[in-house]
Amino acid sequence: MTGWLLVAPVLLPVLVAGLSLAVWRSAGTQRLLGVGVLSTVLADSAVLLVLADRNGPLVLHVGGWPAPAGVSLVADRLSTLLMTMALAVTLAVLVFAVGQGTAEGGDPVHAPFHPTYLLLAAGVCLAFLAGDLFNLFVAFELMLAASYVLINLNADEGRIRAGMTYTITSLLSSLLFLTAIGLLYAATGTVNLADLARRVPELPDGLRTVFSLLLLIVFGIKAAVVPLHFWLPDSYPTAPAPITAVLAALLTKVGLYAMVRTQTLLFPRPEPWPPLLVAAALTLLVGAVGAVAQRDLNRLLSFVLVSHIGYMLFGLSLYTVEGLTGTVLYAVHHIAAQAALFLIAGLVVSWSGTAALPKLARAAPPPGLVAGLFMVAALSLAGIPPLSGFVAKLALLRAGVDRGGAAVLALLAAALVTSLLTLYLMARVWQAAFAAGPARPPAVRRPGGLRLMLGATTGTVLVGVAVAVAAGPLARVSERAAVDLLERDTYREAVLQRHADGTDGTDEQDRERR
């Protein structure tokens, strides 16, 4: 039963994607299939989270081939927690897309939306469950292909140009990733993460540093870490609101997850790592300052997205249980908050007809419900208590104070400045999009699918509220996930199935190599 639970989040969306493509003439059937399979996979992921938290990492050796020779799917506290949040947001965004008409289907132009969206969900789940670097690479390629189709679906020239920027940058990252996999295999004889956790520490210090920096660059591009972020503000804002929301909420978090997994499992450190400290500070400040300069709502939110990746890097760079707990909490909060803000931006554009902030100030304001949803999501992102952003930021700040040191305190200052700039930016959006004024015409109701759009957006905001309400239990799960990341033997022994005599499958390979 556990094996089926592990394979379902990857296998079911792929199978249903093929079925959805076969019935492309029936938009209603496609919608039913998409919502149904994502609901099923979300429930499956929640069960995996409970089991992993209760029993430790769950492992499936595909085809019965044991690690490190075979393909392994691994579900631990970190992967299942992030996967559950990602699938909840993916389901809500799909409902929004149905209401907006992006997922209408029934014609050759829109018919690929549902199958491609499900393949994107399968790629995200595979990335969280992959037990080796090569299948992590496969997951990234699946996400790249699906996201390129979604960005360019029924696109004009500007969106195609932006999609090419995204694709070329992602392909460059993939080429670097494939190179890193080949070099790691040449140096260690394996790509299995659990096996690499034993072999990489045996390499010379200089070679370990090179591999660590190479993987940091690869996943830094995926996560839009400054100075590798340039592609994101040009790519995401051009897509329809639901596509922008799901890409912003999920793809950068998958890159961050891969960074956390590899840097803690393969390259453990007793002290904060200067490259990560610098990257975190630059990402926080450059993203926030870049957002201040924007006059377009979606581009502003894209730069805010970049800046808040820095908070998660902050926790990772400390290499402590407290810091990693803050990173996990912030990732869970940010998935819901960032998706909600992009969906709200889509609603604002639906009412006003523009995303330009100067024009929004003269356009008809959205109704009070949309304004209320924006206020909750914006205040959460800015870290105002008692919302989820405050809980996550407080955990990070405490971890930084406990760690101490001049570099960490400087990073703390950057985090506080970014939080204040975020609050200013959210107030600026409020003033432009929602504040009443004599020059604004009365609010009007836009026809078409607004109930579904409002319902999906409300659900996404409520997911963020639920994170705050369940902050205590969630913090404890996040802390246990952080302990697992630093105590690497838990992951390694679960995957390699250590025998009673203290040996595992890798010992036989060592003897054959000698």
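Is alanine 224 buried or exposed, and at what relative accessibility? Alanine 224 comes out at 0% relative accessibility, so it counts as buried (buried is under 20% relative accessible area, exposed over 50%, partly exposed in between, with a 1.4 Å probe and protein chains only).

Quick housekeeping. This is a predicted model, where local features need pLDDT of at least 70, side-chain atom pairs count only at pLDDT 80 or more, and totals for chains, interfaces and linings use all residues. Residues are numbered from 1 along each chain as its sequence is written, and side-chain values use heavy atoms, with hydrogens and water left out.

On confidence: pLDDT is the predictor's confidence in each residue, from 0 to 100. The protein chain has a mean of 87, with 92% of its residues at 70 or more. Over residues 499-503, though, pLDDT stays under 50.

Most residues other than glycine have a negative phi, and most peptide bonds are trans. Alanine 224 has a positive phi of about 60°, and it lies in the loop between α8 and α9 (helices are DSSP runs of H or I, at least four residues, numbered from the N terminus). Proline 227 is in that loop too, and the peptide bond from valine 226 to proline 227 is cis, omega near 10°. Another cis bond joins proline 385 and proline 386, with omega about 5°.

Tyrosine 319 also has a positive phi, near 55°. Tyrosine 319 sits in the loop between α12 and α13, and is buried at a relative accessible area of 5%.

Terms used: Contact = heavy atoms within 4.5 Å. Helix = DSSP H or I, 4+ residues; strand = E, 2+ residues; numbered from the N terminus.
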